[in-house]
Amino acid sequence: MPPTQAESVIKNIIREIGQECAAHGEIVSETLVAFMVKAVVLDPSNGFNTDRTLVKGDVQKLVKLCVTRLLDSKNPSLDTIKMQVYFDMNYTSREEFLEEHHRVIESRLSSVSREITDSRACVREELESLYRKIVSYVLLRSGLGSPTDIKIVREATAALQSVFPQAELGTFLTLSKKDRERQLKELTMIVTGIRLFNRDCGKGGEGIDDLPAILQEAIPATTQHVDSQLEVVQDQAYRYTAILEKVAENPLLSQELQPYMLKEALYNVRQYEFFLQIILSDIITCAQEVEMMIKQLGAQLEQLQFTVKSKTAVPTSQVFPIFIALSNLWTSFQDEAVLISILSNLSTHLEPFLGTHELFFPEKVMQALLDGVTVKTDACRMKEHMEERVNLADFRKLEWLFPETTANFDKLLIQYRGFCAYTFATTDGLLLPGNPAIGILKHKEKYYTFNTRDAAYSFAENPENYIDKIREKAKKNAELIQLLELHQQFETLIPNSQMKEVDKHYIKPIAKCESSTQTDTHLLPPTIVRSYEWNEWELRRKAIKLANLRRKVTHSVQTDLSHMRRENCSQVYPSKDASTQSMREASSQVPRPQIYVAGFRGGHTKTTCEIKVNLTRAIDET
């Protein structure tokens, strides 16, 4: 049958089963119906051959069997399958939860954002309306108060005007659509940071819940609630296990207790236990994140207080990054609050899938079944056989792993979720926790644990035989496929929440052993320049030393003993002509010239008569 035609037939079968269940007053999801169809086909007792095409009679038989099982409200196996389907449809990783939450917020804000980014406001009234829309967008995106509360709107408007006055709307409208969206997000973070800072200073913060305090109160309460549920379900699992151990030792009791479906009930509580452990682990992660963010929030507010102090104006380059960091921290607080709410609701919605236990196993029935039985916890079972250990000398061809020889011992993915493979195969489905301290068997790149050393030895003699028995048991009880993580053996039934974790099956052990190595001191010839000097003052010292040598004279002497035995030489600077000048005292004096001229002013005569008289003394008279 072509793939397209086969898919069409399967869809019609699922639709028909859903309609039949609805006609009987039971509303079932398509995912649950699809899982049940595959489970019924896998069960060999139903007689379906997956290698041949389904005929009309096979389809009718398949629909009837699926409807019968889906309408059986008193079956712990069906409750377990419903629980697995519900958890698979509603749980995902922490990162995907937050991505989906942010995607929902973006989709809700898309219409408001589009009105702002597509605006072509020109007149004053339109600009005022656009500014009010921006304020509403900031409040909706930050989640700090309702945009219909006038006090909150006024506070947000004042904060926005301090960083984005209404006069700058003209510049905003000239930006491209992407730039407008980016600026809107930046303005939201800055305004959020301002409001959080004002709240810390006691000058604002209207409508802002104290998320850190709320989370510090909610997380311990949620953890305590899940812990209490976990204790109850573990106690229930221990009691079922003790009764089933008693049945395994006394085969006559198995016929008597068959109508109670004890094993199906055990699978149900064990599956619920594992889901609660997953939820509890995520809650603990949230608690660690919140504790770290509270410290970061205090540090950011303290830094902001130090930056602002009593200044009237602070550079935006200093405070805007801190406002944005405050906004991001507060968004993280909101994310953690959403995660805690989701996880709390998830644990609450899993409880109804345990309803058959009160119906089948009221306290009186349990007390009667537990008469003369010792109830042991998983930890007690491990302590009983802690001293037992596999002897490697008994197995030459098999590989066993131990804590002291394997570095990543605790990270190995144990088959069957850590339950003893041998016990499960030989007791028709009894779940007993394996003890890794006895030794982990590595068989075909997979790892197996056992509750006793005898079980380990028996399984190691013929592993494939016991693996086939477990596979056949899982075909009869489809809930075991997810409970025991038999994903690779039944790939068509891998849950969506674990599709990304299939690669974990290939984690390999890192063996540890004592070893030592030795290398040559220097493999390559040294490249150190001994004459290199990095110190400038040392270089100067050497330069002065060389300069001083120029003023030194080399001396050599010769004694009677060394005479004529070796050549001696000395080096001097060659002689040169030199002159000096001494100082002497000397002086000289010459007569002062004295020349007189008369007759320039005229006289009694018409003509001028000049008379020149030289009165200068002679040199020898001076």
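With a relative accessibility of 3%, E336 counts as buried (buried means under 20% relative accessible area, exposed over 50%, partly exposed in between, with a 1.4 Å probe and protein chains only). Its partner is R94: the two side chains meet in a salt bridge at 2.2 Å, N to O, where a salt bridge is a side-chain nitrogen of Lys or Arg within 4 Å of a carboxyl oxygen of Asp or Glu. R94 also counts as buried, at 19% relative accessibility. The pair links distant parts of the chain, with R94 in helix 5 (residues 94–117) and E336 in helix 13, 242 residues apart. Helices (H or I, at least four residues) and strands (E, at least two) are DSSP runs, numbered from the N terminus.

The model is predicted, so local features need pLDDT of at least 70 and side-chain atom pairs count only at pLDDT 80 or more, while totals for chains, interfaces and linings use all residues. Residues are numbered from 1 along each chain as its sequence is written, and side-chain values use heavy atoms, with hydrogens and water left out.

By the salt-bridge rule, the count comes to 28. Among them is the contact between K473 and D428, at 3.6 Å, N to O. K473 lies in helix 19 (residues 463–476) and D428 in the loop between helix 17 (421–426) and strand 2, so this pair ties together parts that are 45 residues apart in sequence. K473 is buried at 12% relative accessibility, whereas D428 is partly exposed at 45%. Helix 19 also holds D468 and R471, 3 residues apart and thus separated by about one helical turn; their side chains meet in a salt bridge at 2.6 Å, N to O. D179, R182 and E186 are linked in a network of salt bridges.

R94 returns in the lining of the second largest cavity, together with D282, C286, L339 and L343. A cavity is a set of points on a 1 Å grid over the protein atoms alone where a 1.4 Å probe fits but cannot get out, and lining residues have an atom within 4 Å of a point. Helix 12 (262–308) and helix 13 (316–350) each supply at least two residues of this lining.

Turning to the strands, 3 of them form an open sheet in the order 1-2-3 with antiparallel pairing; two strands pair if DSSP finds at least two bridges between them. Strand 1 (399–401) and strand 3 (446–448) are the edge strands, each pairing on one side only. Strand 1 is joined to strand 2 (residues 440–443) by 3 bridges, and W400 stands opposite L441 in strand 2.

Definitions and conventions:
1 Å grid on protein atoms, 1.4 Å probe; cavity = no way out; pocket = protein on both sides within 12 Å on 5 of 7 lines; lining within 4 Å.
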